[in-house]
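Hi,

Here is the structure I promised to send over. Have a look at it first, and then read on for my notes on the backbone and on one helix.

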Amino acid sequence: MTELRRTPLAALHERLGARMVPFAGFAMPVSYTSIIDEHRAARETAALFDVSHMGQIALEGAAAAACADHLCSRAMSTLAPGRVRYALLCNDAGGVVDDLTVYRTGDDAFLLCVNAANLAGDRAWIERHAPGGVAVRDESDATGLLALQGPASAAILAEVDGAALGELRRFRFARAEVAGRRVLASRTGYTGADGFELYCDAGDAAPLFEALLDAGREHGLRPAGLGARDTLRLEAALPLYGQELDGETSPLEAGLGRFLELDRDFVGAAAIRHRRHAGAARALVGFEVTGRGIARSGYPVLAAGEIAGRVTSGAPSPTLGRAIGLAYVPPAHAAIGTPLEIEVRGRAIPARVVETPFVSGKVAGRPTG
Amino acid sequence: MPETLIPDDLHYSEHDEWARADGERVVVGITDYAQQQLGDVVFVELPLVGSIVTGGEPFGVIESVKAVSDLYAPFSGEVTLVNDALVARPELVNQDCYGEGWMVVVRPAGDATGGLLDAAAYAKFVDQRSA
(Lines give C-alpha, C1' and ligand atoms only; values in the text may rest on other atoms or scores of the structure.)
Protein backbone atom coordinates (compact mmCIF):
# COMPACT_ATOMS: atom_id res chain seq x y z
CA MET A 1 0.00 0.00 0.00
CA THR A 2 3.03 2.31 0.05
CA GLU A 3 2.31 3.82 -3.36
CA LEU A 4 -1.29 4.58 -2.55
CA ARG A 5 -2.48 8.02 -1.52
CA ARG A 6 -4.00 8.42 1.91
CA THR A 7 -6.94 10.54 3.01
CA PRO A 8 -6.55 12.56 6.22
CA LEU A 9 -8.37 9.70 7.99
CA ALA A 10 -6.18 6.78 6.92
CA ALA A 11 -4.37 6.48 10.26
CA LEU A 12 -7.69 6.64 12.10
CA HIS A 13 -9.18 3.89 9.92
CA GLU A 14 -6.21 1.67 10.67
CA ARG A 15 -6.56 2.37 14.40
CA LEU A 16 -10.22 1.37 14.18
CA GLY A 17 -9.20 -1.93 12.64
CA ALA A 18 -10.45 -1.26 9.12
CA ARG A 19 -9.55 -3.60 6.27
CA MET A 20 -7.91 -1.25 3.75
CA VAL A 21 -8.03 -1.75 -0.03
CA PRO A 22 -6.81 0.28 -3.01
CA PHE A 23 -9.54 2.44 -4.58
CA ALA A 24 -8.97 5.14 -7.20
CA GLY A 25 -5.34 5.34 -6.14
CA PHE A 26 -6.17 5.72 -2.44
CA ALA A 27 -5.93 3.32 0.49
CA MET A 28 -9.56 3.20 1.63
CA PRO A 29 -11.48 1.19 4.22
CA VAL A 30 -13.68 -1.51 2.65
CA SER A 31 -15.10 -2.40 6.07
CA TYR A 32 -14.32 -2.09 9.78
CA THR A 33 -16.22 -5.08 11.15
CA SER A 34 -18.72 -6.50 8.68
CA ILE A 35 -20.10 -5.02 5.46
CA ILE A 36 -23.57 -6.32 6.36
CA ASP A 37 -23.51 -4.79 9.88
CA GLU A 38 -22.31 -1.46 8.50
CA HIS A 39 -24.97 -1.54 5.80
CA ARG A 40 -27.68 -2.28 8.37
CA ALA A 41 -26.46 0.61 10.53
CA ALA A 42 -27.08 3.02 7.64
CA ARG A 43 -30.61 1.65 7.22
CA GLU A 44 -31.54 1.38 10.92
CA THR A 45 -29.44 3.89 12.89
CA ALA A 46 -26.52 5.68 11.24
CA ALA A 47 -23.23 5.04 9.47
CA LEU A 48 -20.24 7.35 8.96
CA PHE A 49 -18.17 7.15 5.78
CA ASP A 50 -14.86 8.75 4.81
CA VAL A 51 -15.27 9.86 1.20
CA SER A 52 -12.39 12.36 1.24
CA HIS A 53 -10.90 10.67 -1.81
CA MET A 54 -13.59 12.31 -3.96
CA GLY A 55 -12.76 15.40 -5.99
CA GLN A 56 -13.87 18.98 -5.41
CA ILE A 57 -13.50 21.52 -8.19
CA ALA A 58 -14.46 25.17 -7.67
CA LEU A 59 -15.65 27.39 -10.52
CA GLU A 60 -15.52 31.14 -9.91
CA GLY A 61 -16.00 34.30 -11.90
CA ALA A 62 -18.61 36.32 -13.73
CA ALA A 63 -18.88 33.60 -16.39
CA ALA A 64 -19.00 30.71 -13.92
CA ALA A 65 -22.76 30.20 -14.24
CA ALA A 66 -22.62 30.21 -18.04
CA CYS A 67 -19.68 27.79 -17.86
CA ALA A 68 -21.60 25.43 -15.59
CA ASP A 69 -24.64 25.67 -17.88
CA HIS A 70 -22.44 24.77 -20.85
CA LEU A 71 -20.78 21.79 -19.17
CA CYS A 72 -23.65 20.25 -17.21
CA SER A 73 -26.67 18.31 -18.44
CA ARG A 74 -28.93 20.58 -16.34
CA ALA A 75 -28.85 24.37 -16.08
CA MET A 76 -26.89 25.62 -13.12
CA SER A 77 -27.55 29.35 -13.60
CA THR A 78 -31.04 28.52 -12.31
CA LEU A 79 -29.67 26.85 -9.18
CA ALA A 80 -30.20 29.15 -6.20
CA PRO A 81 -27.41 29.70 -3.67
CA GLY A 82 -27.71 27.06 -0.93
CA ARG A 83 -28.95 24.37 -3.31
CA VAL A 84 -27.40 21.25 -4.83
CA ARG A 85 -28.15 19.58 -8.12
CA TYR A 86 -27.12 16.16 -9.49
CA ALA A 87 -26.09 16.26 -13.14
CA LEU A 88 -23.86 14.70 -15.78
CA LEU A 89 -20.87 15.88 -17.78
CA CYS A 90 -21.33 14.46 -21.28
CA ASN A 91 -18.97 14.06 -24.23
CA ASP A 92 -19.38 14.71 -27.94
CA ALA A 93 -20.34 11.09 -28.59
CA GLY A 94 -23.29 11.44 -26.23
CA GLY A 95 -21.63 9.35 -23.52
CA VAL A 96 -20.86 10.29 -19.92
CA VAL A 97 -17.62 11.90 -18.75
CA ASP A 98 -18.73 11.81 -15.10
CA ASP A 99 -21.73 12.17 -12.82
CA LEU A 100 -21.48 14.84 -10.14
CA THR A 101 -23.25 17.08 -7.68
CA VAL A 102 -23.07 20.84 -8.13
CA TYR A 103 -23.39 23.30 -5.25
CA ARG A 104 -24.23 26.98 -5.81
CA THR A 105 -21.87 28.47 -3.27
CA GLY A 106 -22.24 32.08 -4.44
CA ASP A 107 -23.69 34.22 -7.22
CA ASP A 108 -20.54 33.60 -9.24
CA ALA A 109 -19.31 30.46 -7.54
CA PHE A 110 -19.99 26.73 -7.81
CA LEU A 111 -18.52 23.68 -6.11
CA LEU A 112 -18.47 20.49 -8.17
CA CYS A 113 -18.10 17.18 -6.36
CA VAL A 114 -16.82 14.48 -8.71
CA ASN A 115 -15.76 10.83 -8.62
CA ALA A 116 -12.22 10.27 -7.35
CA ALA A 117 -11.28 8.08 -10.30
CA ASN A 118 -12.29 10.79 -12.78
CA LEU A 119 -10.81 13.85 -11.09
CA ALA A 120 -7.89 14.44 -13.46
CA GLY A 121 -10.04 13.82 -16.54
CA ASP A 122 -12.83 16.06 -15.25
CA ARG A 123 -10.41 18.88 -14.47
CA ALA A 124 -8.97 18.71 -18.00
CA TRP A 125 -12.46 18.53 -19.49
CA ILE A 126 -13.66 21.56 -17.53
CA GLU A 127 -10.55 23.61 -18.32
CA ARG A 128 -10.93 22.76 -22.00
CA HIS A 129 -14.51 23.98 -22.09
CA ALA A 130 -14.31 26.90 -19.66
CA PRO A 131 -14.39 30.36 -21.19
CA GLY A 132 -11.82 32.93 -20.20
CA GLY A 133 -12.58 34.70 -16.96
CA VAL A 134 -13.60 31.53 -15.13
CA ALA A 135 -11.23 30.36 -12.42
CA VAL A 136 -11.12 26.56 -12.19
CA ARG A 137 -9.60 25.46 -8.90
CA ASP A 138 -8.99 21.88 -7.74
CA GLU A 139 -9.65 21.93 -3.99
CA SER A 140 -9.64 18.15 -3.52
CA ASP A 141 -6.43 17.89 -1.51
CA ALA A 142 -7.47 20.69 0.82
CA THR A 143 -10.94 19.23 1.42
CA GLY A 144 -12.14 16.40 3.64
CA LEU A 145 -15.55 14.84 3.03
CA LEU A 146 -17.55 12.71 5.45
CA ALA A 147 -20.94 11.15 4.76
CA LEU A 148 -23.22 10.66 7.77
CA GLN A 149 -26.13 8.50 6.61
CA GLY A 150 -29.14 6.91 8.32
CA PRO A 151 -32.31 7.86 10.23
CA ALA A 152 -30.35 9.01 13.31
CA SER A 153 -28.14 11.42 11.32
CA ALA A 154 -29.93 14.65 12.29
CA ALA A 155 -30.09 13.61 15.95
CA ILE A 156 -26.35 12.89 15.93
CA LEU A 157 -25.52 16.29 14.43
CA ALA A 158 -27.68 17.89 17.12
CA GLU A 159 -25.32 16.38 19.72
CA VAL A 160 -22.43 18.40 18.28
CA ASP A 161 -24.07 21.80 17.79
CA GLY A 162 -25.55 20.86 14.46
CA ALA A 163 -29.21 20.93 15.48
CA ALA A 164 -30.07 23.61 12.92
CA LEU A 165 -28.87 21.31 10.13
CA GLY A 166 -31.85 19.06 10.87
CA GLU A 167 -33.98 21.76 9.27
CA LEU A 168 -32.19 21.44 5.93
CA ARG A 169 -34.34 20.01 3.20
CA ARG A 170 -32.99 17.44 0.80
CA PHE A 171 -30.61 18.88 -1.84
CA ARG A 172 -29.98 22.00 0.23
CA PHE A 173 -26.80 22.95 2.03
CA ALA A 174 -25.60 25.36 4.68
CA ARG A 175 -22.35 26.41 6.27
CA ALA A 176 -22.21 25.59 9.96
CA GLU A 177 -19.89 24.72 12.80
CA VAL A 178 -20.07 21.11 13.91
CA ALA A 179 -17.98 19.91 16.87
CA GLY A 180 -16.09 23.19 16.62
CA ARG A 181 -15.11 22.66 12.96
CA ARG A 182 -16.38 24.71 10.03
CA VAL A 183 -18.29 22.60 7.54
CA LEU A 184 -20.43 22.91 4.47
CA ALA A 185 -23.24 20.44 5.18
CA SER A 186 -25.66 19.21 2.52
CA ARG A 187 -28.72 17.00 2.93
CA THR A 188 -27.49 14.60 0.28
CA GLY A 189 -26.03 11.14 0.01
CA TYR A 190 -25.35 8.07 -2.05
CA THR A 191 -27.15 5.51 0.07
CA GLY A 192 -30.91 6.02 -0.33
CA ALA A 193 -31.04 6.92 3.38
CA ASP A 194 -31.55 10.29 5.04
CA GLY A 195 -28.24 11.91 5.81
CA PHE A 196 -25.68 14.58 5.28
CA GLU A 197 -22.44 15.10 3.42
CA LEU A 198 -20.00 17.23 5.40
CA TYR A 199 -17.24 19.12 3.58
CA CYS A 200 -14.45 20.41 5.81
CA ASP A 201 -10.81 21.47 5.75
CA ALA A 202 -8.60 18.41 5.28
CA GLY A 203 -7.01 19.05 8.69
CA ASP A 204 -10.39 18.93 10.42
CA ALA A 205 -11.54 15.66 8.85
CA ALA A 206 -10.08 13.25 11.42
CA PRO A 207 -11.16 15.24 14.53
CA LEU A 208 -14.63 15.67 13.03
CA PHE A 209 -14.90 11.94 12.25
CA GLU A 210 -13.89 11.07 15.82
CA ALA A 211 -16.23 13.65 17.36
CA LEU A 212 -19.13 12.27 15.35
CA LEU A 213 -18.29 8.67 16.32
CA ASP A 214 -18.29 9.70 19.99
CA ALA A 215 -21.50 11.71 19.74
CA GLY A 216 -23.18 9.02 17.70
CA ARG A 217 -22.29 6.02 19.85
CA GLU A 218 -25.54 6.12 21.83
CA HIS A 219 -27.50 6.54 18.59
CA GLY A 220 -25.99 3.37 17.14
CA LEU A 221 -23.55 5.13 14.79
CA ARG A 222 -20.98 2.84 13.17
CA PRO A 223 -18.03 3.73 10.96
CA ALA A 224 -18.71 2.21 7.52
CA GLY A 225 -16.52 1.49 4.51
CA LEU A 226 -16.74 1.29 0.75
CA GLY A 227 -18.20 -2.21 0.85
CA ALA A 228 -21.37 -1.00 2.57
CA ARG A 229 -21.38 2.18 0.47
CA ASP A 230 -21.65 0.00 -2.63
CA THR A 231 -24.42 -2.31 -1.34
CA LEU A 232 -26.39 0.72 -0.10
CA ARG A 233 -26.20 2.61 -3.38
CA LEU A 234 -27.12 -0.57 -5.27
CA GLU A 235 -30.28 -0.97 -3.16
CA ALA A 236 -31.07 2.67 -4.03
CA ALA A 237 -30.35 1.85 -7.72
CA LEU A 238 -27.88 4.72 -7.95
CA PRO A 239 -25.43 4.43 -10.85
CA LEU A 240 -21.70 3.96 -10.37
CA TYR A 241 -19.39 5.46 -12.97
CA GLY A 242 -17.34 2.69 -14.51
CA GLN A 243 -20.20 0.20 -14.14
CA GLU A 244 -23.54 1.74 -15.19
CA LEU A 245 -21.96 4.83 -16.77
CA ASP A 246 -18.98 5.32 -19.07
CA GLY A 247 -17.82 7.35 -22.05
CA GLU A 248 -19.85 5.29 -24.52
CA THR A 249 -23.08 4.92 -22.58
CA SER A 250 -25.94 7.31 -23.29
CA PRO A 251 -27.47 8.67 -20.08
CA LEU A 252 -30.86 7.99 -21.66
CA GLU A 253 -30.06 4.27 -21.74
CA ALA A 254 -29.02 4.53 -18.09
CA GLY A 255 -32.47 5.87 -17.24
CA LEU A 256 -31.15 9.31 -16.32
CA GLY A 257 -33.39 11.28 -18.69
CA ARG A 258 -34.74 13.40 -15.82
CA PHE A 259 -31.21 14.79 -15.32
CA LEU A 260 -30.93 15.90 -18.95
CA GLU A 261 -32.40 19.14 -20.30
CA LEU A 262 -32.17 18.25 -23.98
CA ASP A 263 -33.82 21.47 -25.15
CA ARG A 264 -30.67 23.29 -23.94
CA ASP A 265 -27.29 23.28 -25.60
CA PHE A 266 -24.69 21.75 -23.33
CA VAL A 267 -21.61 19.74 -24.33
CA GLY A 268 -22.90 16.44 -25.69
CA ALA A 269 -26.56 17.50 -25.97
CA ALA A 270 -26.63 17.29 -29.76
CA ALA A 271 -25.17 13.78 -29.76
CA ILE A 272 -27.65 12.62 -27.11
CA ARG A 273 -30.56 14.10 -29.09
CA HIS A 274 -29.27 12.31 -32.18
CA ARG A 275 -29.02 9.00 -30.32
CA ARG A 276 -32.49 9.51 -28.87
CA HIS A 277 -33.84 10.02 -32.37
CA ALA A 278 -32.14 6.83 -33.55
CA GLY A 279 -33.83 4.86 -30.79
CA ALA A 280 -32.39 3.25 -27.67
CA ALA A 281 -30.38 0.10 -28.27
CA ARG A 282 -30.65 -0.96 -24.64
CA ALA A 283 -32.14 -0.01 -21.30
CA LEU A 284 -30.80 -0.26 -17.75
CA VAL A 285 -33.04 -2.44 -15.59
CA GLY A 286 -33.04 -3.56 -12.00
CA PHE A 287 -33.52 -7.27 -11.38
CA GLU A 288 -33.74 -9.68 -8.53
CA VAL A 289 -32.45 -13.22 -8.67
CA THR A 290 -35.31 -15.63 -8.05
CA GLY A 291 -33.22 -18.80 -8.19
CA ARG A 292 -30.27 -19.71 -6.02
CA GLY A 293 -27.16 -17.65 -6.68
CA ILE A 294 -25.65 -14.18 -6.72
CA ALA A 295 -25.38 -12.06 -9.86
CA ARG A 296 -22.18 -10.06 -10.14
CA SER A 297 -20.73 -7.39 -12.40
CA GLY A 298 -19.84 -8.83 -15.81
CA TYR A 299 -22.06 -11.93 -15.66
CA PRO A 300 -24.04 -12.55 -18.88
CA VAL A 301 -27.77 -11.86 -18.88
CA LEU A 302 -30.06 -14.08 -20.98
CA ALA A 303 -33.46 -13.04 -22.28
CA ALA A 304 -35.61 -15.60 -24.03
CA GLY A 305 -32.69 -18.00 -23.79
CA GLU A 306 -30.19 -15.81 -25.64
CA ILE A 307 -27.37 -13.62 -24.34
CA ALA A 308 -28.88 -10.14 -24.20
CA GLY A 309 -26.54 -8.11 -22.04
CA ARG A 310 -24.37 -8.09 -18.95
CA VAL A 311 -24.81 -7.38 -15.29
CA THR A 312 -23.26 -3.98 -14.52
CA SER A 313 -23.56 -4.22 -10.72
CA GLY A 314 -24.80 -7.09 -8.57
CA ALA A 315 -24.66 -8.13 -4.94
CA PRO A 316 -26.64 -9.72 -2.13
CA SER A 317 -28.99 -7.09 -0.68
CA PRO A 318 -28.67 -7.09 3.11
CA THR A 319 -32.02 -5.29 3.48
CA LEU A 320 -34.00 -7.56 1.15
CA GLY A 321 -32.21 -10.85 1.83
CA ARG A 322 -31.89 -11.68 -1.85
CA ALA A 323 -29.49 -11.02 -4.70
CA ILE A 324 -30.20 -7.92 -6.78
CA GLY A 325 -28.48 -6.18 -9.64
CA LEU A 326 -28.55 -3.77 -12.56
CA ALA A 327 -28.07 -4.78 -16.18
CA TYR A 328 -28.40 -3.39 -19.68
CA VAL A 329 -30.91 -5.37 -21.76
CA PRO A 330 -32.69 -4.77 -25.08
CA PRO A 331 -35.70 -2.47 -24.52
CA ALA A 332 -38.05 -5.32 -25.47
CA HIS A 333 -36.97 -7.14 -22.29
CA ALA A 334 -37.05 -4.15 -19.94
CA ALA A 335 -40.64 -4.26 -18.68
CA ILE A 336 -41.23 -4.91 -14.98
CA GLY A 337 -41.82 -8.61 -14.46
CA THR A 338 -39.85 -9.76 -17.53
CA PRO A 339 -38.15 -13.07 -16.78
CA LEU A 340 -34.38 -13.11 -17.32
CA GLU A 341 -31.59 -15.53 -16.57
CA ILE A 342 -28.17 -14.73 -15.20
CA GLU A 343 -25.29 -17.00 -16.15
CA VAL A 344 -23.43 -17.90 -12.97
CA ARG A 345 -20.48 -20.26 -13.43
CA GLY A 346 -21.98 -21.72 -16.59
CA ARG A 347 -25.51 -22.24 -15.22
CA ALA A 348 -28.55 -20.09 -16.05
CA ILE A 349 -30.14 -18.86 -12.82
CA PRO A 350 -33.66 -17.36 -13.05
CA ALA A 351 -34.18 -13.67 -12.34
CA ARG A 352 -36.88 -11.06 -12.91
CA VAL A 353 -36.96 -7.36 -13.83
CA VAL A 354 -38.23 -5.38 -10.85
CA GLU A 355 -38.99 -1.74 -10.02
CA THR A 356 -36.21 0.46 -8.82
CA PRO A 357 -35.11 1.69 -6.43
CA PHE A 358 -35.05 -1.68 -4.70
CA VAL A 359 -35.22 0.02 -1.29
CA SER A 360 -36.45 3.56 -0.89
CA GLY A 361 -37.54 6.20 1.51
CA LYS A 362 -38.64 9.78 1.51
CA VAL A 363 -36.66 12.47 3.25
CA ALA A 364 -37.79 16.03 3.85
CA GLY A 365 -40.23 15.88 0.98
CA ARG A 366 -37.92 14.40 -1.62
CA PRO A 367 -37.33 10.78 -2.56
CA THR A 368 -33.98 9.50 -1.41
CA GLY A 369 -33.51 7.07 -4.28
CA MET B 1 -5.36 -8.67 13.38
CA PRO B 2 -7.72 -10.44 15.79
CA GLU B 3 -6.61 -13.81 17.18
CA THR B 4 -7.51 -16.74 14.98
CA LEU B 5 -8.73 -19.96 16.47
CA ILE B 6 -6.74 -23.08 15.43
CA PRO B 7 -8.00 -26.15 17.35
CA ASP B 8 -5.24 -28.64 18.24
CA ASP B 9 -7.15 -31.74 17.26
CA LEU B 10 -7.64 -30.83 13.58
CA HIS B 11 -5.55 -31.01 10.41
CA TYR B 12 -5.19 -28.12 8.00
CA SER B 13 -4.51 -27.44 4.33
CA GLU B 14 -2.66 -24.52 2.77
CA HIS B 15 -6.00 -23.47 1.26
CA ASP B 16 -7.23 -22.76 4.79
CA GLU B 17 -9.48 -25.80 5.11
CA TRP B 18 -9.62 -28.01 8.21
CA ALA B 19 -10.23 -31.77 8.42
CA ARG B 20 -11.46 -33.77 11.43
CA ALA B 21 -10.77 -37.46 10.91
CA ASP B 22 -13.12 -40.00 12.45
CA GLY B 23 -12.24 -43.28 10.72
CA GLU B 24 -13.94 -43.35 7.32
CA ARG B 25 -15.71 -40.06 8.00
CA VAL B 26 -13.60 -36.96 7.59
CA VAL B 27 -15.42 -33.70 8.22
CA VAL B 28 -14.18 -30.68 6.25
CA GLY B 29 -14.71 -26.94 6.58
CA ILE B 30 -12.83 -23.64 6.35
CA THR B 31 -10.74 -22.18 9.14
CA ASP B 32 -11.31 -19.20 11.38
CA TYR B 33 -8.52 -17.35 9.53
CA ALA B 34 -10.33 -18.03 6.22
CA GLN B 35 -13.72 -16.81 7.45
CA GLN B 36 -12.14 -13.65 8.88
CA GLN B 37 -10.43 -12.94 5.55
CA LEU B 38 -13.66 -13.53 3.62
CA GLY B 39 -15.93 -11.38 5.75
CA ASP B 40 -19.68 -12.02 5.72
CA VAL B 41 -20.36 -15.32 3.93
CA VAL B 42 -23.53 -14.99 1.85
CA PHE B 43 -23.50 -18.11 -0.32
CA VAL B 44 -21.91 -21.56 -0.26
CA GLU B 45 -22.02 -23.96 -3.20
CA LEU B 46 -21.22 -27.55 -2.24
CA PRO B 47 -21.04 -30.77 -4.28
CA LEU B 48 -23.78 -33.38 -4.28
CA VAL B 49 -23.57 -36.43 -2.08
CA GLY B 50 -21.76 -39.10 -4.10
CA SER B 51 -19.45 -36.63 -5.87
CA ILE B 52 -15.79 -37.53 -6.14
CA VAL B 53 -13.40 -34.81 -5.00
CA THR B 54 -9.68 -34.62 -5.82
CA GLY B 55 -7.10 -33.41 -3.34
CA GLY B 56 -5.87 -29.90 -4.21
CA GLU B 57 -8.69 -29.30 -6.70
CA PRO B 58 -11.71 -27.00 -6.24
CA PHE B 59 -14.81 -28.80 -5.00
CA GLY B 60 -17.14 -25.87 -4.36
CA VAL B 61 -17.50 -22.12 -4.11
CA ILE B 62 -17.88 -19.73 -1.20
CA GLU B 63 -19.10 -16.18 -1.72
CA SER B 64 -18.75 -13.15 0.51
CA VAL B 65 -20.51 -9.84 -0.11
CA LYS B 66 -17.81 -8.70 -2.51
CA ALA B 67 -16.02 -11.81 -3.74
CA VAL B 68 -16.26 -15.35 -5.06
CA SER B 69 -13.66 -17.91 -3.88
CA ASP B 70 -13.03 -21.57 -4.60
CA LEU B 71 -13.13 -24.24 -1.91
CA TYR B 72 -10.32 -26.79 -2.31
CA ALA B 73 -10.52 -30.44 -1.37
CA PRO B 74 -7.79 -31.16 1.23
CA PHE B 75 -7.60 -34.80 0.03
CA SER B 76 -9.28 -37.12 -2.47
CA GLY B 77 -12.44 -39.11 -1.76
CA GLU B 78 -16.21 -39.38 -2.04
CA VAL B 79 -18.65 -36.91 -0.51
CA THR B 80 -21.00 -38.77 1.83
CA LEU B 81 -22.74 -35.88 3.58
CA VAL B 82 -23.32 -32.18 2.83
CA ASN B 83 -24.29 -29.49 5.34
CA ASP B 84 -27.64 -28.32 3.96
CA ALA B 85 -28.00 -25.82 6.83
CA LEU B 86 -25.58 -23.58 4.91
CA VAL B 87 -28.18 -23.04 2.17
CA ALA B 88 -30.45 -20.97 4.40
CA ARG B 89 -27.77 -19.88 6.86
CA PRO B 90 -24.42 -19.32 5.13
CA GLU B 91 -23.47 -17.05 8.07
CA LEU B 92 -22.91 -20.22 10.14
CA VAL B 93 -19.50 -20.35 8.46
CA ASN B 94 -18.61 -17.02 10.10
CA GLN B 95 -20.29 -17.80 13.42
CA ASP B 96 -19.04 -21.36 14.04
CA CYS B 97 -16.63 -22.46 11.31
CA TYR B 98 -15.42 -25.58 13.21
CA GLY B 99 -18.89 -26.60 14.43
CA GLU B 100 -22.21 -25.76 12.79
CA GLY B 101 -20.34 -24.24 9.83
CA TRP B 102 -18.94 -27.63 8.69
CA MET B 103 -19.27 -28.17 4.96
CA VAL B 104 -18.91 -31.78 3.81
CA VAL B 105 -18.08 -35.23 5.09
CA VAL B 106 -15.74 -37.14 2.79
CA ARG B 107 -14.80 -40.82 2.73
CA PRO B 108 -11.09 -40.64 1.85
CA ALA B 109 -9.76 -42.57 -1.12
CA GLY B 110 -6.41 -43.00 0.60
CA ASP B 111 -4.59 -41.19 3.36
CA ALA B 112 -6.64 -38.15 4.35
CA THR B 113 -4.50 -36.27 6.83
CA GLY B 114 -0.93 -37.41 6.05
CA GLY B 115 -0.40 -34.58 3.59
CA LEU B 116 -1.94 -31.93 5.83
CA LEU B 117 -0.50 -29.57 8.45
CA ASP B 118 -0.97 -29.96 12.17
CA ALA B 119 -2.18 -27.04 14.28
CA ALA B 120 1.30 -25.70 15.04
CA ALA B 121 2.39 -25.79 11.39
CA TYR B 122 -0.84 -24.13 10.28
CA ALA B 123 -0.43 -21.40 12.90
CA LYS B 124 3.01 -20.65 11.45
CA PHE B 125 1.51 -20.58 7.96
CA VAL B 126 -1.11 -18.07 9.08
CA ASP B 127 1.54 -15.91 10.78
CA GLN B 128 3.67 -15.78 7.64
CA ARG B 129 0.80 -14.36 5.65
CA SER B 130 -0.29 -11.89 8.28
CA ALA B 131 3.15 -10.32 8.56
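Helices here are DSSP runs of H or I with at least four residues, numbered from the N terminus. In those terms, Ala237(A) sits in the loop between helix H7 (226–235) and helix H8 (269–278) of chain A. Please keep in mind that this is a predicted model.

Is Ala237(A) buried or exposed? The cut-off for buried is 20 or more other C-beta atoms within 10 Å, and Ala237(A) counts as buried because it has 23 C-beta neighbours inside 10 Å.

Asp161(A) also has a positive phi, near 70 degrees, and is likewise a residue other than glycine. You will find Asp161(A) in the loop between helix H5 (153–159) and strand S11 (173–178) of chain A. With 15 other C-beta atoms within 10 Å, Asp161(A) is partly exposed.

There is a cis peptide bond to look at too: it runs from Thr356(A) to Pro357(A), with omega near 0 degrees. Pro357(A) belongs to the loop between strand S20 (347–354) and strand S21 (362–363) of chain A.

Over in chain B, helix H4 (residues 119–130) has 12 residues. From first C-alpha to last, H4(B) reaches 16 Å, close to the 16 Å expected at 1.5 Å a residue. How many of the 12 residues of H4(B) are buried? The count is one, and H4(B) is hardly covered.

Best wishes

Methods. Residues numbered from 1 in each chain as written. Chains lettered and ligands numbered in written order. Predicted model: local features only at pLDDT ≥ 70, side-chain atom pairs only at ≥ 80, totals over all residues. Helix = DSSP H or I, 4+ residues; strand = E, 2+ residues; numbered from the N terminus. Expected span 1.5 Å × (residues − 1).
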